[in-house]
Amino acid sequence: MLSLLPSAAQIGNYRQDFAIGVNGGYAFTNFRFTPKVNQGLHGGVMGGLTWRYTCEKYFSSICAIVGEVNYAQMGWKESILDYDDNPVINESTGLAEKYSRTINYVQVPVFARLGWGREVKGVQFFVQAGPQFGYFLSEKTKMNFELEKRNTTDRVNQVIEQDTMAVENKFDYGIAGGVGVEFSHPSVGHFILEGRYYYGLGNIYGDTKKDFFASSNMGSIMIKLSWLFDIKRTKNVTRK
């Protein structure tokens, strides 16, 4: 019992570290429509503010809570193909038809984070996951044909209702998670590179029996770079 007491006392190393900073990145998004809409990945920028509260080092795991407030460009980019997987040509313009929708959001993710490695000077690897909430700001459609003159005859996917439907549900919510690496140095702060995935649980269109789409939720892959600097660091604790 006496031999276990010193090791038990060292299990949790308490902290009250607080850091803030900025982040930026790029998101690749599509929407899960039912009925299905053929799509590629829509690309858009994102960025905002980040804060992090580090509360404990448990064994070798550094435990923290991370929050962000971001502006993000989500959306979808349609793959308009014929039955032979060739681009559909618009008869009026002679060009392959292209359609994309950009939907701008304010997004607020909140993560529980576990890190392993250096806190002060060096490299730390981490995983984090948690809920994410978003609110619709605006939307913009980009296409190279007139809706009344689109070529629906040759399309292998005949679902076109989404092309003229505005976003109905402004509130978005879902689950996000990511993995990444952090480089820290006392004189420059913390540089964080992360890959993240977001799975939306809310639909942008109504999903009742009378509505056309049964589901219209988004999924997004994000690559982000953040820079944080320390506002508060707990004194009299052992760090590596």
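Guide: Let us start with Thr102, which lies in strand S5 (residues 99-117). Strands here are DSSP runs of E with at least two residues, while helices are runs of H or I with at least four, and both are numbered from the N terminus. Please keep in mind that this is a predicted model, where local features need pLDDT of at least 70, side-chain atom pairs count only at pLDDT 80 or more, and totals for chains, interfaces and linings use all residues. Residues are numbered from 1 along each chain as its sequence is written, and side-chain values use heavy atoms, leaving out hydrogens and water.

Visitor: Which side chain makes a polar contact with the side chain of Thr102?
Guide: A polar contact is a pair of N or O atoms within 3.5 Å; within protein, one must be able to donate a hydrogen and the other to accept it, and residues adjacent in sequence count only if both atoms are side-chain atoms. For Thr102 the partner is the side chain of His42, at 2.9 Å.

Visitor: Is Arg52 buried or exposed?
Guide: Buried means under 20% relative accessible area, exposed over 50%, and partly exposed in between (1.4 Å probe, protein chains only). Arg52 is buried because its relative accessibility is 7%. Its side chain also has a polar contact of 2.8 Å with that of Glu182.

Visitor: Which residues does Val66 touch?
Guide: Contact means heavy atoms within 4.5 Å. Beyond residues up to four places away in sequence, Val66 touches several residues, including Arg52, Phe111 and Gln128. Val66 belongs to strand S4 (residues 61-78), and Arg52 to strand S3 (residues 42-58).
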